[in-house]
There are 2 protein chains.
Amino acid sequence: MADDAERIRALVEQWAAAVHRGDMDGVLADHADDIVMFDVPPPYQGVRGVQAYRGTWPPFFDWQARGACFEIETIDVTAGTDVAFVHALLRCGTPQQLAENPEMRLRLTLGLRKEQDRWVVAHEHHSFPYVDAPEDTTADEDEVRALHAPRGREGRRPT
Amino acid sequence: MADDAERIRALVEQWAAAVHRGDMDGVLADHADDIVMFDVPPPYQGVRGVQAYRGTWPPFFDWQARGACFEIETIDVTAGTDVAFVHALLRCGTPQQLAENPEMRLRLTLGLRKEQDRWVVAHEHHSFPYVDAPEDTTADEDEVRALHAPRGREGRRPT
């Protein structure tokens, strides 16, 4: 399974590099037709199927083309015989955004299946944590609060 | 593996029920010592280790005690021989929050390992999607934006 963990790590690193250079074929190379992605923006029920998954990327590529990064910082692979999962932290934002909020990271979880001796990504979950707005520190807990933007992936949101 | 999928589904349903009744022993019953949780709020690098994981729950239990729900709506289990992952959508909020935003769902991904014929949760990723604020529709894409609160799990945030 050490070999599987290495194969999966390489797969994720190649996928992230494809994302960063805006290479759609590379982004989709190891993804299952039935992928379910929980993306940073809605829909709440997730992005379902590889065609819908494909559709989420062009706005993100545009945002990156204007200077944003998408770099794996840490990656942790748990590889079984036929199923695996990965959690990772990524630097994802414009230089200005990361300068203003140096600790900001994109959290990424992947679920993979082995099919005919090949690993495929069947699930992705991307998120930024919610950060309370400073002006909000005296708000009642039950109150609906305004939150800080994560300051990343704006280009990803559907417009 | 059908049996494993059923066992994991039952594990997750029992865990969610324990969360909802504020039963800490039940919440921790099937969790690995080295769990890594990406929670709704920061820290960006995740909550690491079962003691830190335990510490995230009391504020959430308090919030639920005031009327919030934590109910699995859909659950999808991919169980291998020795590793599994789960993605699920949950209704999570106060009745008022869910009335104002009926489509709001908590997205949940779990990673599990089989240890001595027993499944344990080694990873959790909880998030709400980011939703643009209505007043934000004319903002430049590169601008740091204010976003809507997810209107759920306020009690979970560290204070």
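Predicted model: local features only at pLDDT ≥ 70, side-chain atom pairs only at ≥ 80, totals over all residues.
## Around A84(B)

Setting aside neighbours within four places in sequence, A84(B) has contacts with V83(A), D4(B), I8(B), V77(B), T78(B), A79(B), L112(B) and W119(B). As general background, nonpolar side chains in soluble globular proteins tend to be buried together.

## Chain A at a glance

Chain A contains five helices and eight strands. Reading from the N terminus, its elements follow the order α-α-β-β-α-α-β-β-α-β-β-β-β. Of the 159 residues in this chain, 39% count as buried.

Six strands of chain A form an open sheet with mixed pairing, in the order β2-β1-β6-β5-β4-β3. The edges are taken by β2 (47–48) and β3 (69–79) of chain A; each has a single partner strand, so one side of each is left without a neighbour in the sheet.

Let us now look at β6(A) and its two partners. On one side, β1 (residues 31–38) of chain A runs parallel to β6 (residues 118–127) of chain A, and four bridges join the two. Within this pair, H31(A) stands opposite V121(A) of β6(A).

Is β6(A) largely enclosed or largely open? Eight of its 10 residues are buried, so β6(A) is largely enclosed by the rest of the structure.

## Helix α4 in both chains

In chain A, helix α4 spans residues 57–65, and F60(A), W63(A) and Q64(A) are buried in it. Around the helix axis these residues cover an arc of only 100°, which puts them on the same side of α4(A). Just after α4(A) comes G67(A), with a positive phi of about 120°.

Turning to chain B, helix α4 (residues 57–65) has F60(B), W63(B) and Q64(B) as buried residues. Viewed down the axis of α4(B), the buried residues fall within an arc of 100°, so they line one face of the helix.

## R48 in chain B

Strand β2 (residues 47–48) of chain B includes R48(B). How exposed is R48(B)? With 13 other C-beta atoms within 10 Å, R48(B) is partly exposed; the cut-off for an exposed residue is 12 or fewer. R48(B) and D34(B) are 14 residues apart in sequence, and their C-alpha atoms are 6.8 Å apart in space.

Terms used: Residues numbered from 1 in each chain as written. Chains lettered and ligands numbered in written order. Buried ≥ 20, exposed ≤ 12 C-beta atoms within 10 Å, placed from the backbone. Arc of directions from axis to C-beta. Pairing = 2+ DSSP bridges. Contact = placed C-beta atoms within 7 Å.
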